[in-house]
Amino acid sequence: MPPKKAPVQEKKALGRPGNNLKIGIVGVPNVGKSSFFNVLSETEARIPVPDARFEWLCDVYKPASKVPAHLTCIDIAGLTAGASTGAGLGNAFLSHVRAVDGIFQMVRAFDDAEVIHVEGEVDPLRDMEIISTELRLKDIEWVEKHLENLKKTNRSLGNNSLADKARKEEQAMIEKVYKVLTEDGKDARKADWTNKELIREQIDVVNSLQLLTAKPVIYLVNLSEKDYVRKKNKWLPKIKNWIDQHNPGDLLIPFSVALEERLAQLAPEEKKEEEAKVGATSALPKITQAGYNSLELIRYFTCGPDEVRAWTIRRGTKAPQAAGVIHSDFEHKFVCGEIMSYEDLKEHGSEAAVKAAGKLRQQGKPYEMVDGDIAYWKSGA
């Protein structure tokens, strides 16, 4: 008999597991955070995520109810230098950052005599340094305490038991995190994790620390309406260079709160006319989608005449857990899922045609959901 294949071990992601993830708007005071949040959502923190697939499905099924995917966004009080040691509202600020799963870091790159900057002159690079430094300092303090406690408890460990070995591996992983934050001067999310560390329980050790610098960051640069329309601002190249140097790969999105506030007051048709008139479009769809993607979120759809709905799940979610987002019984009593892709439905035009083409698949518990799947769940009694 041929040898059995070793089971494929799945890589684990940095961050809190789960589907109900949140992103927080972070920045120093008076950069436009609250105004931006108000534009995003006047009363709620759940912002619809634009999706042409969802709109097409609604046109096809003409449902009585339409429920798009949402991004949960939180406005966090302004951070000032010294927050990591409790200055100002530092402790409250950092606890709120710890409670979210991703960060919109808001940076101001416009002058306005009526909106005084907390640090005096407008300097987005200084602001970015303040936030980066305060988050890292708090992580260093957090990791130092954890490492100190581990070293005390690990002094008496032997070398034989699996439990002792696991404790030593945990200490080694936290020592690596400490080195990344201190000697390397990097955020935890920019560490060079090995495949072995991502597959094994070590990454769970990092996740248990709930590090502030492990959270994905998208930089939102608040420009004047004039600069946003003309796509030119003296700070943008410098901000891009700063990101490339300190956090390469992070996304930079220029936008204008002033323009977004004005567009938000208009009816849809008026908004289109105004965008055409000024020669620029709202950046909110791009920002919302980027925030959703940064949290490793995807969506699948359930469709019918009663409702078309997008269900948010984490990338890598298996079929039973995806079904459980609708109702826990669907997960506990999972039998299978009948699944087709959005692309197949759009190509063939109807569910019956998809089925006739052999593209409607029955998937069991091992199936990993794909963004855009359309699912019908079967569960036992």
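Me: Which residue in β7 does Y219 stand opposite?
Reply: That would be L252. Keep in mind that this is a predicted model.

Me: OK, and how do β6 and β7 run, and how many bridges join them?
Reply: They run parallel, with 5 bridges joining β6, residues 217-222, to β7.

Me: Zooming out, what's the strand order in the sheet?
Reply: It goes β2-β4-β1-β5-β6-β7, an open sheet of 6 strands with mixed pairing. β2 (46-48) and β7 (251-255) are the edge strands, each pairing on one side only. From one strand to the next, the twist averages 30°.

Me: Which helix packs on the sheet, and which strands does it touch?
Reply: Helix α12, residues 284-294, packs there and touches β1, β2, β4, β5, β6 and β7. Its direction makes about 160° with that of β7.

Me: Switching to packing. How many residues are in the largest nonpolar core, and which have the most contacts inside it?
Reply: It has 71 residues, and the ones with the most contacts inside it are F36, L57, F104, L220, F255 and I287. β6 gives the largest share, 5 residues.

Me: Which domains does that core draw on?
Reply: Domain 1 (22-294) and domain 2 (317-379), with at least three residues from each.

Me: Back to L57, what does it touch?
Reply: Leaving out residues up to four places away in sequence, L57 touches K62, F301, C303, V308, Y342, L345 and I374.

Me: And what's in the second core?
Reply: That one is separate and has 18 residues, including L150, I174, W193 and V205.

How values were computed
Residues are numbered from 1 along each chain as its sequence is written. This is a predicted model: local features need pLDDT of at least 70, side-chain atom pairs count only at pLDDT 80 or more; totals for chains, interfaces and linings use all residues. Side-chain values use heavy atoms; hydrogens and water are left out. Two strands pair if DSSP finds at least two bridges between them. Helices (H or I, at least four residues) and strands (E, at least two) are DSSP runs, numbered from the N terminus. Axes are lines fitted to C-alpha atoms, for helices over the stretch in contact, and angles run from 0 to 180 degrees between N-to-C directions. Contact means heavy atoms within 4.5 Å. A nonpolar core is a set of buried Ala, Val, Leu, Ile, Met, Phe, Trp, Tyr and Cys residues joined through side-chain atoms within 4.5 Å. Buried means under 20% relative accessible area, exposed over 50%, partly exposed in between (1.4 Å probe, protein chains only). Domain bounds come from an automatic or database domain assignment.
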